[in-house]
Amino acid sequence: MVTAIAACSTTATLYPVDGPLSKQQPLPVLTAAVDGIMGNTGGISLSLPDGEHCTGKWSSIAPMSVGFSTATASGSATNGMASVWATVYGSGFSVANLPGVNKGEAMLVGDRGTVIQVEFYTGSGTANGSGVAKDNKGNAFKVLF
């Protein structure tokens, strides 16, 4: 269970963009409770549409930057989270080191076996950002907070 003080917590919204959940009507938008946002790590939890409860931990690392390239990709990204970024934002999406933007990751495990991996970026000193997520059931999500 995540316990949070209002000043130290936020919510993240996960929008299904690919996979079985993205085909449902109405679209099942997920809301995660995120705590510890005044630091570089904390807890995260959410409930899936079927009632499964997922909990885990998030962590943010040194400043990073994201950008778009005008080049056309000659292949498709299939490993790790790169394929999810390509699914959500297109094949021209790139990542580079740059002060002012922090990269973070989260891992949630459900009480019925679901595993959700999240990768996100925030502005340094803020609790606002965006990212992507995927689960072990074939779903990909756009993440906003």
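**Charged pairs and nonpolar cores**

Lys-103 forms a salt bridge with Glu-119, and their closest N and O atoms are 3.6 Å apart. The model is predicted. Lys-103 belongs to strand S7 and Glu-119 to strand S8, so the pair ties together parts that are 16 residues apart in sequence. Both Lys-103 and Glu-119 are buried. A further salt bridge brings together the side chains of Glu-105 and Lys-103, at 3.8 Å from N to O. Lys-103 has a relative accessible area of 16%. That value is under 20%, so Lys-103 counts as buried. Glu-105 reaches 38% and is partly exposed. Side chains of opposite charge can pair when their charged atoms come close.

In total, the structure holds four salt bridges. One of them joins the side chains of Glu-52 and Lys-137, with an N to O distance of 3.7 Å. This pair links distant parts of the chain, 85 residues apart. Glu-52 sits in the loop between S3 and S4, and Lys-137 in the loop between S9 and S10. Glu-52 is buried, at 0% relative accessibility. Lys-137 is partly exposed, at 43%.

Asn-139 is also found in the loop between strand S9 (129-135) and S10. Its relative accessible area is 5%, so Asn-139 is buried. A polar atom of the Asn-139 side chain lies 2.8 Å from the backbone nitrogen of Leu-21. Beyond residues up to four places away in sequence, Asn-139 touches Asp-18, Gly-19, Pro-20, Leu-21, Ser-22, Ala-133 and Lys-134.

The largest nonpolar core has 20 residues. Among these, Leu-14, Leu-46, Ile-116 and Val-118 touch the most other members. Strands that give two or more residues to this core include S1 (9-18), S3 (41-47), S7 (101-110) and S8 (115-123). A second, separate core has seven residues, among them Val-84, Trp-85, Val-88 and Val-132. In soluble globular proteins, nonpolar side chains tend to be buried together.

Helix H1 spans residues 82-89. Its buried residues are Ser-83, Val-84, Trp-85 and Val-88. Of these, Val-84, Trp-85 and Val-88 belong to the second core. Just after H1, Gly-90 takes a positive phi of about 100 degrees.

Methods:
Residues are numbered from 1 along each chain as its sequence is written. This is a predicted model: local features need pLDDT of at least 70, side-chain atom pairs count only at pLDDT 80 or more; totals for chains, interfaces and linings use all residues. Side-chain values use heavy atoms; hydrogens and water are left out. A nonpolar core is a set of buried Ala, Val, Leu, Ile, Met, Phe, Trp, Tyr and Cys residues joined through side-chain atoms within 4.5 Å. Buried means under 20% relative accessible area, exposed over 50%, partly exposed in between (1.4 Å probe, protein chains only). Helices (H or I, at least four residues) and strands (E, at least two) are DSSP runs, numbered from the N terminus. A polar contact is a pair of N or O atoms within 3.5 Å; within protein, one must be able to donate a hydrogen and the other to accept it, and residues adjacent in sequence count only if both atoms are side-chain atoms. Contact means heavy atoms within 4.5 Å.
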